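Here are my notes for you, as numbered points. Keep the structure open while you read and find each spot as it comes up.

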Amino acid sequence: MLPTIARESHVVVMVDQRKLPTKEVYVRCSTAAEVARAIKTMVIRGAPAIGVAAAMGLAIGIRGSKATGTQKLAAEFYKLCELMASTRPTAVNLFWAIDRMKRSFAAGVEVGESVDQLKDRLDLEAARIHDEDVASCRALGAFGACVVPREARILTHCNAGALATAGYGTALGVIRGAVEAGKQVTVLADETRPFLQGARLTAWELLRDGIETTVITDNMAGALMRQGLIDLVVVGADRIAANGDTANKIGTYTVAVLAREHQIPFYVAAPLSTIDLRTPDGSKIPIEERSPKEVTHLAGTRLTPAGAQVRNPAFDVTPNHLIAGIITERGVFRAPYLESLKAAFELAEV
Ligand code: MRU
């Protein structure tokens, strides 16, 4: 399986996703601040993956603390939580993972654990978050395989693969699940300007798995749909609101509108950690605006004339009515999402 992120003793190791596919370089972070910087600068990206990174970052940050008492340790811990939370605003998995680490820490303090015991429990919780993410992706992949026809040409946008998770992937988890179920699948990968997650990362990891993949530029999907060359769309998600509105990589909304026009099913695949019942609808999801340089430059070369204004929202919101189903580790949920997504969590608690 792809080594997206791993813990080696008191170091967090991650493959540098800015350099793929031309260079496979690993970044080693030995402090929480280094992990936070890696998230912010997209060494690691993808909603579930940054949640895992934040949890591991907190664990190594606290492991390195010199505090001798729990009060001092707690003050340091909550400061590091703030640092992690300030890295990227849209993917809810980041905040979900930080909350889990906070709950675990508070539970330890509650029962009077020592500094060393608190450090150990944070290590354990981060490892659990990592392992559970892989298990969720595999489970949602198996559920998602059921909505894939026996022979399918699947369009995906951005990278919702092993690289965007602790392993296996969400949208690409569905594709992997379908392949494992013996279905004949070929993939069309939107290149995904400006960061090119589709062209660089999705194509790279699917080809490693021997899955036939064709890269297209973001403006080609409509023409291919019109020619009847796409059977299904599966994308990942960065935050799914309580009513099913879904924030995902910029350009996803355009694909969803095109899919509706051509009557092609459009599915979202994500673990429950991406569903945010506290956000009522898509209009309340904060959308990250990234550096204009990602648009004005390509591989260090300026593309646009100096002085041209640029927008760079990293995500958009697809309204729930365009989504055929939300594929999770608890099954495939359909409209009305307000009820079905709530039920998904109740199911999880059984
Ligand atoms: O900006 P990124 O690369 O962190 O964006 C997140 C994504 O990779 C996608 O939006 C993805 O489809 C959802 S994460 C599985």
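1. Start with K249: a polar atom in the side chain of K249 sits 2.7 Å from an oxygen atom of the ligand. Do keep in mind that this is a predicted model, so treat each distance here as computed from that model.

2. With G46, look at the backbone instead: a polar backbone atom of G46 lies 2.9 Å from a ligand oxygen. How much of the ligand does the protein bury? Taken alone, the ligand exposes 400 Å², and the protein buries 99% of that.

3. Where does the ligand sit? You'll find the ligand in the largest cavity. Two elements give two or more residues to the shell around the ligand, namely α2 (47-63) and β9 (246-249).

4. Next, the shell itself. There are 18 residues around the ligand, and R45, R88, D238, N248 and K249 come nearest. Sorted by class, the shell has eight nonpolar residues, six polar ones and four charged ones.

5. Why does the ligand lie between domain 1 (5-138) and domain 2 (141-349)? Both domains give residues to the shell around the ligand, so the ligand lies between them.

6. The peptide bond that runs from L20 to P21 is cis, with omega near 5 degrees. To find P21, go to the loop between β2 (11-15) and β3 (26-29).

7. P336 belongs to the loop between β16 (331-333) and α11 (337-349).

8. Is its phi positive or negative? For T192, phi is near 70 degrees, a positive value in a residue other than glycine. Look for T192 in the loop that connects β5 (184-190) and α7 (197-208).

Terms used. Residues are numbered from 1 along each chain as its sequence is written. This is a predicted model: local features need pLDDT of at least 70, side-chain atom pairs count only at pLDDT 80 or more; totals for chains, interfaces and linings use all residues. Side-chain values use heavy atoms; hydrogens and water are left out. A residue is near a molecule or strand if one of its heavy atoms lies within 4 Å of it. A polar contact is a pair of N or O atoms within 3.5 Å; within protein, one must be able to donate a hydrogen and the other to accept it, and residues adjacent in sequence count only if both atoms are side-chain atoms. Accessible areas come from the Shrake-Rupley method with a 1.4 Å probe; for residues, only the protein chains shown count as cover. On a 1 Å grid over the protein atoms alone, a cavity is a set of points where a 1.4 Å probe fits but cannot get out, and a pocket is an open set with protein on both sides within 12 Å along at least five of seven lines; lining residues have an atom within 4 Å of a point. A molecule sits in a cavity or pocket if more than half of its atoms lie within 2 Å of its grid points. Helices (H or I, at least four residues) and strands (E, at least two) are DSSP runs, numbered from the N terminus. Ala, Val, Leu, Ile, Met, Phe, Trp, Tyr, Cys and Pro count as nonpolar, Asp, Glu, Lys and Arg as charged, and the others, Gly among them, as polar. Domain bounds come from an automatic or database domain assignment.
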